[in-house]
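Here are some friendly notes to read alongside the model. Keep the sequence and the 3D view open as you go through the points.

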Amino acid sequence: MIYVVVGAGPAGVVAAEQLRKLDPLANIMIIGSEPEPPYSRMAIPYYLTEKIDESGTYLRKADQHYSLRDITIIQQRVTKIDTAMNTVITESGEKYRYDKLLLATGASPSVPPVPGIDLPGVHNCWTLEDAREIVRLARPGASVLLMGAGFIGCIILESLVLRDVKLTVVEMENRMVPRMMNEVSGNMIKRWCEQKGVDVHTSTRADSIESAGGGKLKVNLNGGQSVEADLVITATGVKSNMQFAIDSGLHSDQGILVNSFLQTSNEDVYAAGDVCQGKDFSTGEYTVQAIQPTAVEHAKVAAGNMVRGHRSEHIGNVNMNVLDTLGLVSASFGLWMGAEGGDSSELVNEDAYRYLNLQFKDDVLVGASSLGLTQHVGVLRGLIQSETPLGVWKDRLMKDPMRIMEAYLACSQAQVATA
Amino acid sequence: MLKSLNIDPGKCTGCLQCEMACSLENEGVFNTAKSRIKVFTFHEEGRFVPYTCTQCDEAWCMQACPVDAIVINAATGSKDVKNDLCVGCKVCTIACPFGTINYNADSGKVVKCDLCGGDPQCASACPTDAITYVDANATGLDKMRQWAGKTDNAGA
């Protein structure tokens, strides 16, 4: 068998490893478009703060990791899939035949439609190459404007503050991390950042960017204010890298469409990770989650389904995120905004920057979000995904959500429940 | 034969010797807040439940790690955090459905039970045998793993 994996991020690498595990004799190839060893974008913020060097971002650390597993890595951009001939074609015209193909091409930053967005000095922070540029430009004392305070914006925000730049953040929504935090907790993060000296503008849009001379940029905000910056970093969301797949005839929506076996509209082609519109555990709907744990789980399920005799259905992933914004840790899980006809309980401690919000449907936890909590947060995922009936603990949690760990132990762990 | 921690909450008196021993062994201080094993108190029933990582086969933490910083210890079967590689991204802390790998803000890394390399100090310190270190198949681990199976997405 010949397995070709397009994309050298976490989904591509985990899939290739899983394919090797299940099919020791197969021919396995990863084709990635970046001129780097497979690395993790998740680690880039820590590279920006110089907590790690470039090799610290690599997905696998051993020199011979891929060759020992007989996984070939090719650095080329795939531009077309010839599904009739089971062949992928690269930018330079090389062709690679496959029996089964996995598309794990990830996502790219979406470019906001702002005049001046293509000026020098405006950068994304997505690839290792972007990060090198930011390290070069975000010198101590430099003025930096960050467009977007979503997950990626916030994770970069921390790195920028640690680099001692003068930082201004502009976010269109009325709070920070709007896809992870509600108004209460999203604004607690905002207040936290402001206290640390970051200038945060929510409900604000950059209308245009212009050159202000001397290498500086001027960013005009809606409402008339403008901000001067040495560097503008955009983090306004990502979109799946799938144009080549669409052009090759695969069906798509927000991402490449798959069935519950992560198989695309072509039976020999599978998809995983940020490019894949896979099933959401909580809603049953197909969405692009674009998170690390989902990428890895997609990869394992898809790889299994690509190998004869290992077919398994993808039951869906709980959407979840964890973020550290200048030391304030936030997390969200599942239906953190609530379920229709459900109940919720909330603990707010504005002064201590602690927050916990639990969302229930009947006596089952279906979503949660937290701020300032770092111990045992994983049980929130555990309770959501196992759909554990909470029984009497539902009412106790309605009164005091902080008893979540007791509820978990009492309801989930047989050794406790039977005693 | 791999060994694992066997926890019998019925025998636990809540003395917290395990937490003290864990903290001393791993952090060099007697500070229960730094322990990797936690004793939870059920006030209504007057019960105590020691709780830590079961070193589950699924190794959600290890799977989710984006920088290969969690590895299997071949000698004990434990899943160990490599401090020099952990960047502190915390993805493992939300991926682990048992909540047994946690972020330590002081070190900027995550911490979890590593069975003290094969001589778990919590078990040694426990005066009532509520925590013992025994052959893996003799423990209630299977039950917990069964439960873990309910959250297993990968199937294979």
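**Notes on the structure**

1. **A hairpin to start with.** In the hairpin formed by S20(A) and S21(A), six residues lie between the strands, and A:Gly284 takes a positive phi near 75°. Strands here are DSSP E runs of at least two residues and helices are H or I runs of at least four, numbered from the N terminus; two strands pair if DSSP finds at least two bridges between them. S20(A) and S21(A) run antiparallel and are joined by two bridges, with A:Lys279 standing opposite A:Tyr286 in S21(A).

2. **How to read the model.** This is a predicted model, in which local features need pLDDT of at least 70 and side-chain atom pairs count only at pLDDT 80 or more, while totals for chains, interfaces and linings use all residues. Residues are numbered from 1 along each chain as its sequence is written, chains are lettered from A and ligands numbered from 1 in the order in which they are written, and side-chain values use heavy atoms, with hydrogens and water left out.

3. S18(A) and S20 (residues 276-279) of chain A run parallel and are joined by two bridges: A:Ile256 has A:Cys276 as its bridge partner, and A:Leu257 has A:Gln277.

4. Where is A:Ser252 found? This residue sits in the loop between helix H7 (243-247) and S18 of chain A. A:Ser252 counts as partly exposed because its relative accessibility is 28%; buried means under 20% relative accessible area, exposed over 50%, and partly exposed in between (1.4 Å probe, protein chains only). Not counting residues up to four places away in sequence, A:Ser252 touches A:Met242, A:Ile246 and A:Leu257, where contact means heavy atoms within 4.5 Å.

5. **Two nonpolar cores.** A nonpolar core is a set of buried Ala, Val, Leu, Ile, Met, Phe, Trp, Tyr and Cys residues joined through side-chain atoms within 4.5 Å. The largest one has 98 residues, and A:Leu160, A:Leu167, A:Met176, A:Leu358 and A:Leu365 touch the most other members. Helix H11 (residues 404-412) of chain A gives this core its largest share, six residues. A second, separate core has 50 residues, including A:Ile256 and A:Leu59.

6. **Chain A as a whole.** Chain A has twelve helices and 26 strands. Its radius of gyration is 23 Å, close to the 22 Å that the globule rule gives for 419 residues, so chain A is as compact as a globular protein of that length. The radius is taken over C-alpha atoms, and the rule is 2.2 Å times the number of residues to the power 0.38. Of the 419 residues, 59% count as buried.

7. **Across to chain B.** Which strand holds B:Asn102? B:Asn102 is in strand S6 (residues 102-104) of chain B, and counts as buried because its relative accessibility is 6%. A polar atom of the B:Asn102 side chain lies 2.6 Å from the backbone nitrogen of A:His376. Leaving out residues up to four places away in sequence, B:Asn102 touches residues of chain A, among them A:Thr374 and A:Val377, and residues of chain B, including B:Thr93 and B:Lys109.

Notes:
A polar contact is a pair of N or O atoms within 3.5 Å; within protein, one must be able to donate a hydrogen and the other to accept it, and residues adjacent in sequence count only if both atoms are side-chain atoms.
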